[in-house]
Amino acid sequence: MAFFNIALAPGDGIGPEVFEEALKVLHSIERLYSHEFSLKEVLVGGASIDETGVALTDEVLDTAIASNAVLFGAVGGPKWDNPSASVRPEQAILGLRKGLGLFANLRPVRVNPIMFEDSALKREVLEGTDLVVVRELTGGVYFGRPQKRWTNSRGRQAVDTVRYSEKEFERILRVGFELARSRRKKVTSVDKANILETSRLWREIATEISEDYPDVEVEHLLVDACAMHLIRRPADFDVIVTENLFGDILTDEASMLAGSMGMLPSASLGRRRKNGTGLGLYEPIHGTAPDIVGQGLANPLAMILSVALMLRYSLGLESEAEAVEVAVEKVIADGYRTADIAGGVQSKVVSTSQMGSLVDEKIELARKK
Ligand code: IPM
Ligand code: MG
């Protein structure tokens, strides 16, 4: 038996809805595998702004720091969408990533053959797709200063800053190369080296680091070309490693390979212990989907698969992680779909909570066998 502290941050919009389904799964894993999870719910995003005036309080950050893992839903919504507001829900996720030193974001994309029909892409294109995007998470234009607006005689002006250090590039590139070693041994390094100085530094460092990994094949792609190849030949990719903004954009695109943003989990990791585990934050890549809140339409699978990543990367519970992933695959194989992925003719359309319960039942069944 193992004991873990887990901070729960459901957030806004469909965040709490998909969270509830993830908790069903988490409770079952705890019971069926005799672990003890001490769960502490915290307010983040818009929910926190309403209560405290800020998206992330120091207290919540401290709770997260003291945990083994943070499970995160989604933040944001029309209520807090005033673009000129100085307090914004997104500050919660950015503050947690930065405050916890979670510089590596892993976004795996595997396309289940049973879901080929549900994708907008052709079967021939999708066949064999199994890739991971490793996205840098605590630098670049997201955090670069100056970031400001001003007005002069020529009108309104604005500036954002892309800034990166050699050390930041090196550590994320190493995550990519190490991961490739445990997979199909191919790294695609993505930049915009024909335009950006930060990208030229990136490519230089990627080339240097690659010398430490002679067993890993390296491909350099410009981000625009990568966006094109992702839908032209997705099966050719193994590990894609890139900086913050490029990773943000490419992973929304890549999620469509899997049929929907509602299918993709993510893990945000910092420094690891020798055994490979360490504090991490786990969240679906989708947002708060204000248009479908409260209707039982949200797909909880990305959130549930985020629990699997948490079990694997922060708690070191590999068989438990696999149990969750296999359960999701079985439910999909049985034809169950939430509305967002119900493209195929034979799909049985279910609600958010039905989907959560179906996955949960599969976990129970597998464990009892
Ligand atoms: C993501 C999201 C976030 C990001 C937002 C909500 C700040 O789009 O996790 O991909 O841009 O990183
Ligand atoms: Mg994004």
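1. A charge is taken to sit over a ring if NZ of Lys or CZ of Arg is within 6 Å of the ring centre and within 35 degrees of the ring normal. In this model, which is predicted, arginine 367 lies over the face of tyrosine 33, at 3.9 Å from the ring centre, and lysine 348 lies over the face of tyrosine 336, at 4.5 Å from the ring centre.

2. There are four aromatic pairs in the structure. One of them joins phenylalanine 4 and phenylalanine 37, whose ring centres are 6.2 Å apart and whose planes stand at 45°, so the pair is tilted. Because phenylalanine 4 belongs to strand β1 (residues 3-11) and phenylalanine 37 to strand β2 (residues 36-41), this pair ties together parts that are 33 residues apart in sequence. Both phenylalanine 4 and phenylalanine 37 are buried.

3. Tyrosine 164 and phenylalanine 169 have ring centres 4.6 Å apart and planes at 40°, so this pair is likewise tilted. Tyrosine 164 and phenylalanine 169 are both buried, and together with Trp202 they form one aromatic cluster.

4. Polar side-chain atoms lie 2.7 Å from an oxygen atom of ligand 1 in the case of arginine 97, 2.5 Å in the case of tyrosine 142 and 2.9 Å in the case of aspartate 248. Of the 320 Å² of accessible area that ligand 1 has on its own, the protein covers 76%.

Conventions
Residues numbered from 1 in each chain as written. Chains lettered and ligands numbered in written order. Predicted model: local features only at pLDDT ≥ 70, side-chain atom pairs only at ≥ 80, totals over all residues. Heavy atoms only, no water. Phe/Tyr/Trp six-rings, centres within 6.5 Å; stacked < 30°, edge-to-face > 60°. Helix = DSSP H or I, 4+ residues; strand = E, 2+ residues; numbered from the N terminus. Buried < 20%, exposed > 50% of the residue type's maximum accessible area, 1.4 Å probe, protein only. Polar contact = N/O pair within 3.5 Å; in protein donor to acceptor, adjacent residues only side chain to side chain. Areas by Shrake-Rupley, 256 points an atom, 1.4 Å probe, with all protein chains shown as cover.
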